[in-house]
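Here's a quick briefing to read with the model open on your screen. Have a look at the fold first, then work through the points below.

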Amino acid sequence: MQTVTLNQTGIQVSRLAFGTGSDGWQHASNQTRIGFEPLVNLIRFAYERGVTFWDSADQYGSHPHFGRALNFIPRTSVVITTKTTSVTAEGARADLDRFRRELNTDYLDIVLLHCMTQGDWPTRYAGAMDVLSEAKQQGIVKAVGVSCHDINAFRTAAETDWVEVVLARINYAQKHMDASPDEVIQVMERMHALGKGIYGMKVFGNGDLAHDPEKALRYVMNLRCVDALTLGMTSESEVTEGIQVMEMLEREAVPA
């Protein structure tokens, strides 16, 4: 699995992330619903095949699963993203403490403000942003950013210096996206030019495009403004297929 840097963050990740947010909300997802040990084993299966980028969130309920996997995997060999919905400083501070306990780690690689839906989110989330900035200075967090579910919030993320990493909804068919692919790509190109790391989600359009994974992955992999992408996988066959297609596309991208 090819390793890339999330733009100017300096954080090295596998181009494919193990996502745990398929239909994820209220502390559960399609990944956690397969069972505790089955998901831990699937995370380890993917890791052994080069998937060293892990995408979690409080709302997905997947922290304990990744934390358990770290009993078998060196912490420094993986990059972990998690996400908070806290607005206040107090809430964000409590989240950072709890997240680290649940994830069985002293530090968090990437922490995102989860699911921004309004263009003025930097004002609304100022308290949480201050705490995350403080945690960065203390070495508790390496990079901060947002995931967005609204085009105005997405545009704000592009112009907000505080944002270092963005989780962006992108696919070729505008399935479960914030706007048309052209509009989203235009904003992502602006983000990337400003040094922000970007990884894509909803690449399969919440399952609507899973019938042709090669087409869906090829579209996103060919975007120079996207550094990596996350897939919500629930079986060894899905992990194997995702890796095989990614590796095929990586080989195609290497000049002869």
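A crossing of two helices counts as left-handed if the near helix is turned anticlockwise from the far one by less than a right angle, and as right-handed if it is turned clockwise. With that in hand, α6 and α7 make a left-handed crossing. Keep in mind that this is a predicted model.

- As a bit of background, strands of a sheet pair through backbone hydrogen bonds, and they can do so parallel or antiparallel.
- For a close-up, take β6 and β7 (residues 141-148): these two run parallel and are joined by 6 bridges.
- Within that pair, Val111 has Val144 of β7 as its bridge partner.

**The largest pocket**
- How many residues line the largest pocket? There are 33 of them, and Gly21, Ser22, Asn206, Leu231 and Gly232 are the ones nearest its centre.
- Sorted by class, the lining comes out as 12 nonpolar, 16 polar and 5 charged residues.
- Four elements each put at least two residues into that lining: the strands β6 (108-116) and β10 (228-232), plus the helices α8 (213-221) and α9 (236-253).

**Helix pairs**
- Packed helices are described by two things, the angle between their axes and the distance between the axes.
- The crossing of α8 past α9 is right-handed.
- α9 also meets α1 (residues 36-48): their axes come within 10 Å and cross at roughly 25°.
- So α1 is roughly parallel to α9, and its crossing past α9 is right-handed.
- Back to the left-handed pair: the axes of α6 (residues 151-159) and α7 (residues 181-193) come within 8 Å, with a crossing angle of roughly 15°.
- α6 and α7 are therefore roughly parallel to each other.

**Two backbone spots to check**
- Where does Asn7 sit? Asn7 is in the loop between β1 (3-5) and β2 (12-14).
- Asn7 isn't a glycine, yet its phi is positive, near 50°.
- Gln174 is another non-glycine residue with a positive phi, this one about 60°.
- You'll find Gln174 in the loop between β8 (165-169) and α7.

Methods: Residues are numbered from 1 along each chain as its sequence is written. This is a predicted model: local features need pLDDT of at least 70, side-chain atom pairs count only at pLDDT 80 or more; totals for chains, interfaces and linings use all residues. Side-chain values use heavy atoms; hydrogens and water are left out. On a 1 Å grid over the protein atoms alone, a cavity is a set of points where a 1.4 Å probe fits but cannot get out, and a pocket is an open set with protein on both sides within 12 Å along at least five of seven lines; lining residues have an atom within 4 Å of a point. Ala, Val, Leu, Ile, Met, Phe, Trp, Tyr, Cys and Pro count as nonpolar, Asp, Glu, Lys and Arg as charged, and the others, Gly among them, as polar. Two strands pair if DSSP finds at least two bridges between them. Axes are lines fitted to C-alpha atoms, for helices over the stretch in contact, and angles run from 0 to 180 degrees between N-to-C directions. Angles under 35 degrees count as roughly parallel, over 145 as roughly antiparallel, 65 to 115 as roughly perpendicular and the rest as oblique.
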